[in-house]
Amino acid sequence: MEDVSLIFDLVLALGAATIAGFIAQRIGLPALIGYIIAGLAIGPNTPGFVADQQRVILLANLGVALLMFGLGVEFSLREVRRVRRVALLTGAIQIPLTIILGALAGRAFGWNLEAALLLGGAFAISSSIVALKTLLGRGEGTSPQARIALGLGVVQDLSLVPMLALAPVLADLDNGFTMNLARPLLTATLALVLTYALGTRLVPPLFRLVAATGSRELFLLTVVAIALGVALATSVAGLSLGLGAFLAGLVVSESEFEEQVLTDIVPVRDLFATLFFVAVGMLIDPRMLIDNWQKILILTAVLVVGKLLIVGGAYLAAGVDHRTATLAAVVLAQMGEFSFVLAGSGLEEGVIDADQYGLILSVALLSILAMPGLVALSPLLVRVAERLPGVARQERLAAGPPLPPAPAGGHVVLCGYGRVGAEIGAALDRYGEPYSVIELNPAIVRDLRERGVEALYGDAASRVDLEQAGLARAVTVAVTTPDLLTTEAVLRHAREINPAVRIIVRAPAALDAQTLAAGGADVIVQPEFEAGLEFVRKVLGWQGVSGVQTDQLISARRQQIYGGDIPTATPDTNQYRAR
């Protein structure tokens, strides 16, 4: 009879991950939590079906290698340069301080120095996936806090590479730190040089040769063979599998086939990465969680509160305004998938034991589960940050010249001066219409003030700032920020201060339009939806559909999305009047 035990384990692991991941997504949690719970359910520490742990872990190692390979391919010196000032400075402050925080917490619970340092390393890395999903769920995918959070996430992910290289050193500190440190660093340096030298000479010609065949299967096989081959070579040399895979991805990132490699490897990577999270769950012992629930709660509190303060403080030190710094720190006050990779490497090297590994995983999961509650507290945390010593004064100084007097009346209040706000400002300047601006970026405020524009450094969600911008005497308020909470606050305060003012707002997502209409918006613009309607108008016109029929379709779609009474639609209508 054929041995189908591996197939059984694979089907069981993927099936459990599918069900648990679906349930997690439905209740608003990241899918990776569902994958880990699936592993717990089919692991040896719970009743029911049990998959072979060693076989699943073997497959999960492929997931680790492909995760790190994808990170290497996605790594871009251009991207690092783009976010270098804030991301690199913030990372240089946050990562060491968070490692120290985790190490102190580990030592307080009686962990040896090696295990405590590894805990600190796990503390230092946040889940960019969780942060991004949280921001997208709030309609803040293009907000300033999203940009700086993802910039720091890149730096944190890259910090995993030296941490993995140093994991074997922690396992053998007693035999001389200097020699043990020098050996892996020298080996890693040689591996990097050899990989880069050979890769830049061999990989591009090989890719060209394979690509010339026109076979996507051969191209994918070549990519996987390079990723796993280099990972295996570095593993044999005494370094981690993940570090080798990252080096392989780094080489590929310098070739002209970078985008094609990512396109082909992402589905395979995601499949085996799912098995990695399932394997993580299989190592968790529920009895250990029950016996150590107090430790888990305390460590989670230390992680979330400490990381919130450290990340927020690091952003402030890098010159980020208090509101953006706080909102970015909130979504990064957790640890995620690459912390699991580091903890797994520590377990394999003997730096931590199974119970310590379980504690690290439990703290990571609990920190992610705490994210919705922390996000709900973000407005309060922003107000607290504003009152920190020196913050308000520093930001006023960064905004440049004194604020010009607010317009006497009949003006427009622009809440946000990004790409959309700047277009409105340029149009108002062209026709000599007065306006004031509320903006959180001190550089933009300084530039506007130097041009003589009434630019206020502040938060449009603040009633005081709206009053200072002359809202009581304004004719129009334009809220261009993609932040839903800020937009709702502006609507609430504006209707109280000046009930007659006309308000046009930007809806972060189509689902937010009804909420904003109910909140008092006169006109709602949902950029992606409106762009889609312009595509519809042009495509249908080229296909011979009459303008009247197209306008009727577009009007009906606007009613579905925005609600309310439908205005007379014209080919130039790019917004919908909600009231």
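Author: Happy to. One term to start with: pLDDT is the predictor's confidence in each residue, on a scale from 0 to 100. You'll need it here, as this is a predicted model.

Reader: OK, what pLDDT does the protein average?

Author: The average is 80, and 83% of the residues score at least 70.

Reader: And which elements have the lowest and the highest mean pLDDT?

Author: Strand β7, residues 576-577, has the lowest mean at 45. The highest, 95, belongs to strand β4, residues 476-479.

Reader: Where does pLDDT stay under 50?

Author: Over residues 565-579. The model does have 46 contacts for that stretch beyond four places in sequence.

Reader: Good to know. How many helices and strands are there?

Author: The protein has 27 helices and seven strands. Of its 579 residues, 51% are buried.

Reader: What share of the contacts is between residues 24 or more positions apart?

Author: Among contacts with a separation of 6 or more, those pairs account for 72%.

Reader: Let's go inside. Which residues touch the most other members of the largest nonpolar core?

Author: That core has 93 residues, and the ones touching the most other members are F69, F207, V261, F276, F340 and I360. Helix α12, residues 258-282, gives the most to this core, with 12 residues.

Reader: Pick F340 for me. What is F340 in contact with?

Author: Setting aside neighbours within four places in sequence, F340 contacts L32, I36, F276, F277, V280, Y357, L361, A364 and L365. There is also another core lying apart from the largest one: it has 30 residues, including A460, L491, I503 and I524.

Reader: I like aromatics. How many aromatic pairs turn up in the whole structure?

Author: Two. One is F207 with F219, a tilted pair at 5.2 Å centre to centre, with 35° between the planes. F207 sits in helix α9 (residues 177-211) and F219 in helix α10 (residues 216-236), so this pair ties together parts 12 residues apart in sequence.

Reader: Are F207 and F219 buried or exposed?

Author: Both are buried.

Reader: And why is the pair of F529 and Y562 edge-to-face?

Author: Their planes stand at 80°, and over 60 degrees counts as edge-to-face. The ring centres are 5.6 Å apart. This pair links distant parts of the chain, with F529 in helix α26 (residues 527-542) and Y562 in helix α27 (residues 547-562), 33 residues apart.

Reader: What are the relative accessible areas of F529 and Y562?

Author: F529 has 11% and Y562 has 1%. The cut-off for buried is under 20%, so both of them are buried.

Reader: Changing topic: what's Q156 up to? Which helix is Q156 found in?

Author: Helix α8, residues 144-170. Q156 is buried, with a relative accessible area of 0%.

Key:
Residues numbered from 1 in each chain as written. Predicted model: local features only at pLDDT ≥ 70, side-chain atom pairs only at ≥ 80, totals over all residues. Heavy atoms only, no water. Helix = DSSP H or I, 4+ residues; strand = E, 2+ residues; numbered from the N terminus. Contact = heavy atoms within 4.5 Å. Phe/Tyr/Trp six-rings, centres within 6.5 Å; stacked < 30°, edge-to-face > 60°. Buried < 20%, exposed > 50% of the residue type's maximum accessible area, 1.4 Å probe, protein only. Core = buried A, V, L, I, M, F, W, Y, C linked by side-chain atoms within 4.5 Å.
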